[in-house]
Amino acid sequence: MIKKVLVANRGEIAMRIFRTCRVMNIPTVAIYTHVDRGALHVRYAEEAYCISENEADTSYLKPDTILEIAKKTGAAIHPGYGFLSENAGFARRCEEEGINFIGPDSGMIAKMGLKTEARKIMKEAGLPVVPGTESPVSGLEEAHSVARDVGYPVMLKAVAGGGGKGMRLVRSADELDAAFRMSRSEAAGSFGNDAVYIEKYIENPHHVEVQVLGDKYGNVIHLYERECSIQRRNQKVIEEAPSPFVREDTRKKILAVAVEACRKIGYYSAGTLEFMMDKDQHFYFLEMNTRLQVEHPVTEACTGVDLVRDMILVASGNRLPYRQEDIEFRGAAIECRIYAEDPANNFMPSPGIIKVREAPEGRNIRLDSAAYAGFEVSLHYDPMIAKLCSWGRNRESAISNMTRALREYKILGIKTTIPFHLSVLNNKTFLKGDYDTTFIDTKFDREELTRKKNSDPAVAVIAAALKHYEAEKEAAARATTVPLVGESLWKYYGKLQMAANNF
């Protein structure tokens with residue numbers, strides 16, 4: 001049995017895993033860098049260890065150090081997502097050194113980590129795949145030959161990729177040379193592997209994924225599907241369950257083949273099969289993520305399943321605690337990924353210190369976050385600072401709940417993508433559920449974000465008040481060595497918040 005859990009990650013995903021561990025009465029271990037020494041996950045865990053060698057060392061990719069801490073503390077390792085979560089070598093080291101890795105075995109991670117290998121395996125297991133290469137493309141000559149055979153447009157993709165890195169859409173032979181070089185260069189920089197492969201590009205596709213859960217005894221179930229087609233630069237930004245596009249007959253087919261394929265390959269732990277679906281609801285396997293997904297809260301909201309809890313139970317050698325017929329899907333859920341980016345300025349990064357943070361509360365709202373007032377958002381890590389999830393009895397209710405929560409969510413000191421999410425949720429195409437992966441480029445009014453910039457009078461008043469207060473405090477500090485005494489920032493800010501609400 002797992003008696004302690006080390007999370008080889010940071011931020012909101014570390015907090016999310018720690019919270020389930022606390023419910024299960026499992027002590028936790030955090031790791032951190034000098035940059036993250038004030039991070040919430042460090043303060044929340046029962047034990048915390050710095051893995052930085054010096055102030056400039058910001059890396060969490062420290063397998064040797066992490067394994068040493070796990071041995072020292074007697075902890076199993078949950079990798080979260082990103083970082084070492086799909087690193088087969090790291091999982092293998094855990095197996096060899098007697099450390100329980102909370103996820104699938106290293107062999108499965110290795111097979112599914114190479115997309116060309118995953119395509120071959122899943123094709124043999126009965127899944128339809130997008131036409132394209134089943135091995136890396138050797139060079140430009142082969143790339144041109146394959147593209148002609150498959151037919152333009154095509155997608156270049158990194159074999160070891162993820163998160164949209166190394167992906168290029170090529171619509172003609174004239175574009176292929178430059179796109180091929182850029183794709184390989186980006187793949188090498190992001191994954192240390194410049195191999196790319198080619199897939200037929202499906203016009204106006206939907207990105208639909210199926211959540212699966214298996215144990216070490218051959219039991220596999222699905223937890224239904226998610227729609228992940230709201231994407232920017234091939235990166236998901238809004239997800240929902242169920243998909244508003246998928247018909248019930250298609251849903252039954254895609255869920256059945258996903259479960260059967262995972263059963264055939266002997267998959268266990270949580271995993272996600274990603275599919276591309278065309279306008280006629282033909283679906284094709286893209287890849288499998290052998291880890292917890294960023295968007296897992298929408299699935300948990302609609303099924304009542306705690307995926308982290310079940311990953312820990314399976315890693316401990318337990319059978320799944322339910323059968324397929326035990327999983328009841330209720331209502332609808334939406335997740336918005338909140339990034340420290342300026343949507344009115346082409347989503348430029350917005351690092352800095354969060355000066356004010358007012359989190360949304362109330363029924364049917366879930367916020368996974370590690371941000372707080374005073375926390376510094378660093379350029380060294382991913383700009384996602386929170387995941388906001390809403391649930392409703394139907395899609396319209398979930399959207400209404402999310403809109404309310406986004407309006408309540410106030411973060412000052414940095415720019416965030418909250419205005420972008422509000423604009424999407426007010427978009428007619430999104431409201432009808434009639435969107436695909438081209439939505440942001442073709443159906444979304446980017447200029448609206450600029451027009452609405454700083455349009456919230458409450459935010460403007462609070463920001464001005466905070467700036468005025470800090471100026472007064474600095475002036476008083478310069479005038480005397482005695483600590484500033486008087487009205488607290490809490491009271492001062494509260495009065496101005498009341499004024500802003502009546503603005």
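Here are some numbered notes on a predicted model, going from a sheet to a pair of helices and then to the cysteines.

1. Start with the sheet. Four strands line up in the order β3-β2-β1-β4, and they make an open sheet with parallel pairing. Going from one strand to the next, the twist averages 25 degrees. As background, strands of a sheet pair through backbone hydrogen bonds, and the pairing can be parallel or antiparallel.

2. Now zoom in on one pair of strands. Strand β1 (residues 5-7) runs parallel to β4, and 3 bridges join the two. Which residue in β4 is the bridge partner of L6? Look for I77.

3. Helix α1 (residues 11-23) lies across β1, β2 (28-32) and β4. Compared with β1, α1 runs at about 170 degrees.

4. Helix α5 (residues 106-113) packs with helix α6 (residues 115-124) at an angle of about 100 degrees, and their axes are 5 Å apart. Angles from 65 to 115 degrees count as roughly perpendicular, so that is the word for α5 and α6.

5. Who touches whom here? On the α5 side, the residues are K111, M112 and G113. On the α6 side, they meet K115, E117, A118, I121 and M122. Sorted by class, the contact has 4 nonpolar, 1 polar and 3 charged residues.

6. Stay with α6 for a moment. Which residues of α6 are buried? They are K115, T116, A118, R119, I121 and M122. After α6 comes G126, with a positive phi near 105 degrees.

7. Last, the cysteines. Is C94 buried or exposed? Its relative accessibility is 0%, and buried means under 20%, so C94 counts as buried. C50 has 31% relative accessibility, which is why C50 counts as partly exposed. How many disulfides are there? The count is 0, going by a rule that asks for a pair of cysteine sulfur atoms within 2.5 Å.

Terms used. Residues are numbered from 1 along each chain as its sequence is written. This is a predicted model: local features need pLDDT of at least 70, side-chain atom pairs count only at pLDDT 80 or more; totals for chains, interfaces and linings use all residues. Side-chain values use heavy atoms; hydrogens and water are left out. Two strands pair if DSSP finds at least two bridges between them. Axes are lines fitted to C-alpha atoms, for helices over the stretch in contact, and angles run from 0 to 180 degrees between N-to-C directions. Contact means heavy atoms within 4.5 Å. Angles under 35 degrees count as roughly parallel, over 145 as roughly antiparallel, 65 to 115 as roughly perpendicular and the rest as oblique. Ala, Val, Leu, Ile, Met, Phe, Trp, Tyr, Cys and Pro count as nonpolar, Asp, Glu, Lys and Arg as charged, and the others, Gly among them, as polar. Buried means under 20% relative accessible area, exposed over 50%, partly exposed in between (1.4 Å probe, protein chains only).
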